[in-house]
Each structure stands twice: as structure tokens, then as C-alpha cells.
Amino acid sequence: MRTFLLAAAAAVGLAGCTTVPAPAASAPPAQTAPVADEDARIADLVARMSLERKVAQLIQPQIGSFTAADMRRYRFGSYLNGGNRGPYGDEFAPASQWLRHADEMYLASVEPLAGGEPVIPTMWGTDAVHGHTNVVRATIFPHNIGLGAARDPDLVRRIGEATAVEIEVTGIDWNFSPTVAVARDDRWGRTYESYSEDPAIVAPLGAALVEGLQGRKGEADRLGAGHVIATAKHFFGDGGTDQGVDQGEVTGDIEALKAIHAAPYPATIDAGVEAIMASFNSINGVKMHGNKMLLTDVLRGELGFDGLVVGDWNGHGQVAGCTNADCPQSLLAGLDIYMVPDDWKGLYDTLIAQVRDGTIPVPVLDEAVSRILRVKLRAGLLDDFVQPSARPHAGEYHLLGSPEHRAIAREAVAKSLVLLKNDGVLPLAEGADILVAGSAADSIAQASGGWTLTWQGGLELANAEHFPGATSIWQGLKGAAEARGGSATLSVDGTYSAKPDVAIVVFGEEPYAEFAGDRKHLGFSDEEGLGLLRKFAAEGVPTVAVFLSGRPMWMNRELNLADAFVASWLPGSEGAGVADVLTGAVPATGKLGFSWPERCDYGPLNGPEGALFPVGYGRPLADTAPLRKLDENCAPLEQGPALDWYVNGRLADGVLANTASGKLDNLRGEAGGITAMGLDRTAQEDARSVIFAPGATLELSQGGGNSGYGYRILYAVTDRPQAPVTLAVGSGEPLDITQQLAVAAGKSWREMIITGACVADLGPTLTFASQGAFALSIGTIVREEFADGTDCSF
């Protein structure tokens, strides 16, 4: 299998902040054993550790859910900062506070233990997926989808090196990157974290980032100064879920799935990656966090991985029979570290009890602890006990967003741009008067996308406050135009007093991250850019469309209107890289890593069939061949009228809510084991919390026609169901939606679309039933005429 996959894939202080104390005089010396052999040294440490300290190595809580006193007491093997968590409760904390926090937790973890038990330092992990982007001032590199278009392993390696240095500035040890997902359905909200739909493109780029972060195997500085621990993720199948649903189900022949989705891992393992993160998704019904055949037999056996396997955010809690605080199944399957952000105390207690009662054999525990210690040993954490602020690059805040790192990012931006159309307007003429339009033109937040300062990113992030030193696309164009004897004017709405020579319209997707970015189709529905292109076309102004997105999308209308069209993905903080290509200062060399859809209703699109532009497409600036007129019809954007059933906190006239023993007026009250209460979603009590007692049913119905209409339901689930939940439509057989609701748990509001693709009868009755206690929040229910072939989705 390994051969087949390879063939398939081809002492600084804290200036300007509270002083961090030096290590206490009682801190233990480095525990250098007299044996040189790695295995013997680790075995010696494990043999001298208590059960409690062993289990603590497996526990990874998030900052904000534990204190330094907790670290001192429990000695967690590692911890993380979540996407929306910063030190001391401030997600926009300056770098000095990140370093202060690193020292505080490290020093607590290395205080001496009684009885001569060995002290094992903790390590801090972070999601630095396109630069150290949880920290203000850090360089923001293009997301992986752009780097896949650049196709330059050396560039990716240099990005890894720069990112590692910026991580070291803040005292962090471990990066949860690279993502080596092979995204095969672009409706997935994490598509931009994938280099390509082709594993042969993904593999060398993932390996290059590993080498950049950790250093190359065999080199003296590997995992030394300038390097951090890397993590390949998510093993495996995260990019292959049905309908692109995040954390969903992957189905198919296991060998065929491995040949695509496991294919990048041999390259990262050969590059020496020290950690691999388990994926949220199921494969043929088995959650990866509990899949012994894949985590142990394949990953460790076939692929020969000897590092640690870390879980994803409460991913173990999604395993059948598990909760966040109770899941021996994951350890038995091959997981080493539980990422358990908030329920760490409960999990710690249950794991200790399960080792004591034999549920978890001691050799299994010892093996997991040994793998964790091996990574710490290789990273130098067990040799010299040096607090983070005294390590190389720590506190050298000028390295965050340094000119050298920004230059690498600018180069990456230019190399990642893919020119899809050019009627001759590019390169921009010297001395041209340029109008730059669109709300995204001066928005570094929109150009950066998700996983930027906050988990989901967001347009509420202000450029000046949150992105010091960064350059927006507009700023980059302005500087380039003036340097060439011309001018550039920013006009968000496209108005002007003097007609410009050319208009550059910057528009695209708003920021999002996992699950919130999942889509039902690939039609781009926001019409700001489209309206501007129409306006300029009517006024005879040549246009360049600069499209910001985390995936290829149906853009036929915009492609028809624009004189030039550039897929710029999510370029990040160095917008001057866009100007470099548009002016011709740097050639256009980017090539698509994903098939670009010709129709907006496509699901999985991998390969030339159905593609407007195939993988590998990208024009040089000199290619001005005309693009044929494209079909502008998009059924998902032209759905039939919606019929309200439940909107703004009210049931529509004629819609009834019934239980086994009576009705609930306006979906409120108690009857038949159902309790329905008002819930604030966007306004006071505009939604409902529906609580099911075991065995309860809720029927929503409306007499009359529209039997061909499907259902669009906005819903939320706080806790995953512990017993089967079904949904019956019309007179059809009930659908078991337990797994779909489990995936939706804890992820705020989602859409459920029910069509003839999954039910035999679209009659005017919806019946929810739960065999166990369960709570479902309902925001809206509308009936809608969907296009033929529209899939059901959750």
C-alpha cells in the first residue's frame, strides 16, 4: 500500500510587558538519561511515571478552560488555543502576552514532583494554517488553495520556515499544519485548506511545509532553532465527505478511498512529520477517532508512522458510545492525545478509572505515552529545561510580519493568481488612471478569509487596528499605479467624476471556516461585483475582475462581463502581490488546482468532464484569446417561490404543530412529551427550542397542495442525540437523521434541505420523532420548489 500511494502521489526578555519570572530555584535539571538509545530512554521515563501523570500526557485542554494551578496539579502533556481563544481571555492580545502565557504554563509544568517522579514539560499547539495568524501583526500567507495554484514546493518550504520563526516569537512549540486534505467536493467549507483535488499536487506541497516547519530530516537544526513540530491533517478522508458536508460521512471502497485521501500522507511521513491529526469524518459508518483499522493498521502499520496521533476538537466525543468525557474507544483505536477543550477533568478521571478496571490495558496507555514522549524528545523538550521566553527568537517581536517574511508572502500571492480570461486589458498600461471598486478592495480581512485572528475570520475586523503593516489589494494597486506614472482611486460603489482608463473590481466570498462555509451549490449569489461589472460595461469602461474565494465557483455572468478575470483565492496580508501580476511586473504563472465548474448545480467535480477550466488551466498575460459566451442560467439561483411554514417566530396560517396528545399553538407549550419554548436567534423569540421526551413525536402539517415542494429548514443542535431521531415526510418511510444531527451538534445554525432525492413523498407533513431525550432548535421552515436533482442535505 505504501508503494502504491507513493506512486499515486508522486534568552530574550519580554520587552514592554509584565516581566515573566525566571524559573524557580527548585526547578528540576534536565533529565538526561545515561542511555543514548531513544527507545530505552523513553522506556525509562515511562517506567518511573505514575498512572495519573501518564494519563495527563493524553489530555489536551484549551487555554481559558484551565489555569496555571491546574497545570501544576495535573501536568497536562499539551494544550492548545482554539480559533477564538487568546491568552488571558483576549483573542487580540499582543504577542508579549502570548509569550507570557507560554512561560506561565511551562513553568507550572516543570515544578518538581514528589518521590523522584520524572517531570515532563508541556507543549503548546496552535492552528497556524496560513501563517501565525492568531496573533496580531503576523504575516498572513495565502491559504493552501492559492499555494496549490502556485505549484512551488520551495516557496511552500520557505513559508513554513517563516511561519515557524513567527510561532517561536510567541513561545509556542507545535503547529497543527499542514492540511493535506484532498478536497473532492468544493461545496465543503474547508476547500481552501486543500492544495488541490489531485493528491499528486497535494503530496509534495504538504511535505514541503513539513520540512519548512520542522527542518529537513538529517539536518542538524531539525526541530531546533527556527523550527516547530508540524502536524499533517486530517487523517483521512476529510475532503471526501458526501455532499462536502464538514465532519460528515465518506463512503466507498476503502482501497479506492485510500488511493486518493491517504495518498499525501506517505510524503509527509517521509519528510519526518512528527504528528498526525485524526479526522472528524466517518468512513463507511465508522468515525475516524475510533477506527482502529485505519489509525493503527494503516497509519502505523502500512504507512510506518511512528509519531503521535492527536485528536481534533472533541472528535472522540463523536465516536459511537462515547461522550467528550468518556471515550476509551479512541485510545484503544490508536489515538494518543485527546483534544478535549473544556471537558478535560471528566475525561482525565474516566481514563484513570478505565486503566484501573482493565478497560484500557496498561500497555496501550504506555504505548501512547511513549509516542508523545518520543516527539518531545526529538523536539528537544526533554533535554534542556528552557522556558519559552529564553528560547531562540522568543520575544523578537520585529520578526512578526518582518519585511523578509512579507516579501515571501507577496511572492506567494503573485504566484498563486490564476488568470482565467484576458481580452487584452492586462497588463495594465503604464500611466493608466485606474478606478478600484468593490467593498473587498480595501479589506484585508476579506482577502485573508477564515482562520485569521478569529476562527471564522470576519469583516468586522478593522484593517488599521488588527492588521498593522499589512497591504490591502487597493493599497498595492495604488502604489504600483503611482510608481508607473499613473493614478488609482478607490471608489467602493464605482462612482467617478472623470472616466477612468480601466476599472478593477474586487469582490468575492465573505470569510468563513469549517462547517459555516459549507454550501448547497457552487453558484456565487452575491451580486455586488456583478452589478459593478454591469455598470462599467454600460459606461464603456474596461474591467478586470479580481475574485476572492475559498474555492472555484460558478462565475459565468461575471466572466462574460469582465475583460479580464483573475482567480486570486484568499491572498492574505500582501495585496501588492496582486498588483505585481496585473501590472506585468511579475508573470502570471498560477495554474488551477481544482476543476472550475461550468454549471452552478455541480456537486463533486474532479476532472475535465463538466469543467469550464480543468486542473492545470491558467493563462499567461500574453494569451488574449477570446473566451466563448457562457450560459448564464443557474437554477439554484432561480428557485421557485418559497412558502412560509414557520418564520419570525410564527407558524403560517393553516400550519399546525401536533403531538401525540394535542397541538402546540404557534409551536409553543407542552403536550405529548414535547416542550416548545421561545428562543432568540436574531430577534426576540423568533425561533423555538423543541425538547423531546423519550418516544415523543412532533408533527408539522398544512392541508392543501404544493405536494411537489421540498423543505428548507434552519435548525441547530446543541448536544448530539443519544438515541435514534427520525424525520418522516408526507406518507413516506421515516428517515434516520441521527448521524446528521450528531454532526450538526454544537455548530450553531445549519440548513436542512429535504427533496425527492431522499424521500418518496413530499407531502405537506413533517414528523420528527426521537427515541431518547433530545433538543432541537428551529429557526425557519419554508417549502420551496427546488431544481430537479437537488440533493437532500443537512
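**Glutamate 193.** I looked up glutamate 193 and found it buried, because its relative accessibility is 3% (buried means under 20% relative accessible area, exposed over 50%, with a 1.4 Å probe and protein chains only). The model is predicted, so I kept in mind that local features need pLDDT of at least 70, that side-chain atom pairs count only at pLDDT 80 or more, and that totals for chains, interfaces and linings use all residues. Residues are numbered from 1 along each chain as its sequence is written, and side-chain values use heavy atoms, without hydrogens and water.

I placed glutamate 193 in the loop between strand 4 (174–175) and helix 8 (199–214); helices (H or I, at least four residues) and strands (E, at least two) are DSSP runs, numbered from the N terminus. Leaving aside neighbours within four places in sequence, I listed Asn144, Thr179 and Trp451 as its contacts (heavy atoms within 4.5 Å).

**Glutamate 460.** Is glutamate 460 buried or exposed? I noted it as exposed, because its relative accessibility is 60%. I found glutamate 460 in the loop between helix 16 (444–448) and helix 17 (463–466). Its C-alpha atom is 9.9 Å from that of serine 443, and the two residues are 17 residues apart along the chain.

**Helices 7 and 15.** I then looked at helix 7 (residues 153–169) and helix 15 (residues 403–416), which pack at an angle of about 145° with axes 10 Å apart. Axes are lines fitted to C-alpha atoms over the stretch in contact, and angles run from 0 to 180 degrees between N-to-C directions. On the helix 7 side I wrote down Leu155, Arg158, Ile159, Ala162, Val165 and Glu166, and on the helix 15 side His405, Ile408, Glu411, Ala412 and Lys415.
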